[in-house]
Amino acid sequence: MRASLALSRMLLACAVLAGCAKNVDARVAGSDDAAIDALSLRLEELRTRDAGNDATCADRCALGRSTCELAEEQCALVERHPDRTDLPPRCAQAQEQCAGARNACARCGP
């Protein structure tokens, strides 16, 4: 009896899932566009934070590491979609921001 009830629930769940079509952007599989947008926002936040002149060297270097990690993530997502001509500039901008953040750390240190 429990097995048939469980089977009924599974079939119902499958029917519900199959009946609800998702509206998916055909240009990008999954939510890569959303992830790229989120990373861009985080990078902009770090750029704004880096603009302050009151940061210590340790803060600038930590900010540089975070910036470069986000840039790597963004470029990895961009590389997954070589057919998209609108995405490579976002990777290039993130890489430039990474280089600037690294330079700020290097200028700050001993």
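This is a predicted model: local features need pLDDT of at least 70, side-chain atom pairs count only at pLDDT 80 or more; totals for chains, interfaces and linings use all residues.
Of the contacts in the protein with a separation of 6 or more, 72% join residues 24 or more positions apart. The secondary structure consists of four helices and zero strands. Along the sequence, the pattern reads α-α-α-α. Of the 110 residues in the protein, 25% are buried.

Helix α2 spans residues 32-50 and has 19 residues. From its first C-alpha to its last, α2 reaches 26 Å. This is close to the 27 Å expected at 1.5 Å a residue. Six positions in α2 are listed here as buried: D32, D33, I36, L39, L43 and L46. These residues lie on the same side of α2, because they cover an arc of only 140 degrees around the axis. An α-helix has 3.6 residues a turn, so residues three or four places apart point the same way. The exposed residues L41, T48 and R49 sit on the face of α2 turned away from its buried side.

The cover over the buried residues of α2 includes α3 (57-79) and α4 (88-108). Two packed helices are described by the angle between their axes and the distance between the axes. For α2 and α4, the axes come within 11 Å and cross at roughly 25 degrees. The two helices are therefore roughly parallel, since angles under 35 degrees count as such. The crossing of α2 past α4 is left-handed. On the α2 side, the contact is made by I36, D37, S40, L43, L46 and R47. On the α4 side, R90, Q93, A94 and Q97 take part. Residues I36, L43 and L46 of α2 are buried and also belong to this contact with α4.

Terms used
Residues are numbered from 1 along each chain as its sequence is written. Side-chain values use heavy atoms; hydrogens and water are left out. The expected span of a helix is 1.5 Å times one less than its number of residues. Buried means under 20% relative accessible area, exposed over 50%, partly exposed in between (1.4 Å probe, protein chains only). The arc is that of the directions from the helix axis to the C-beta atoms. Contact means heavy atoms within 4.5 Å. Axes are lines fitted to C-alpha atoms, for helices over the stretch in contact, and angles run from 0 to 180 degrees between N-to-C directions. Angles under 35 degrees count as roughly parallel, over 145 as roughly antiparallel, 65 to 115 as roughly perpendicular and the rest as oblique. A crossing is left-handed if the near helix is turned anticlockwise from the far one by less than a right angle, and right-handed if clockwise.
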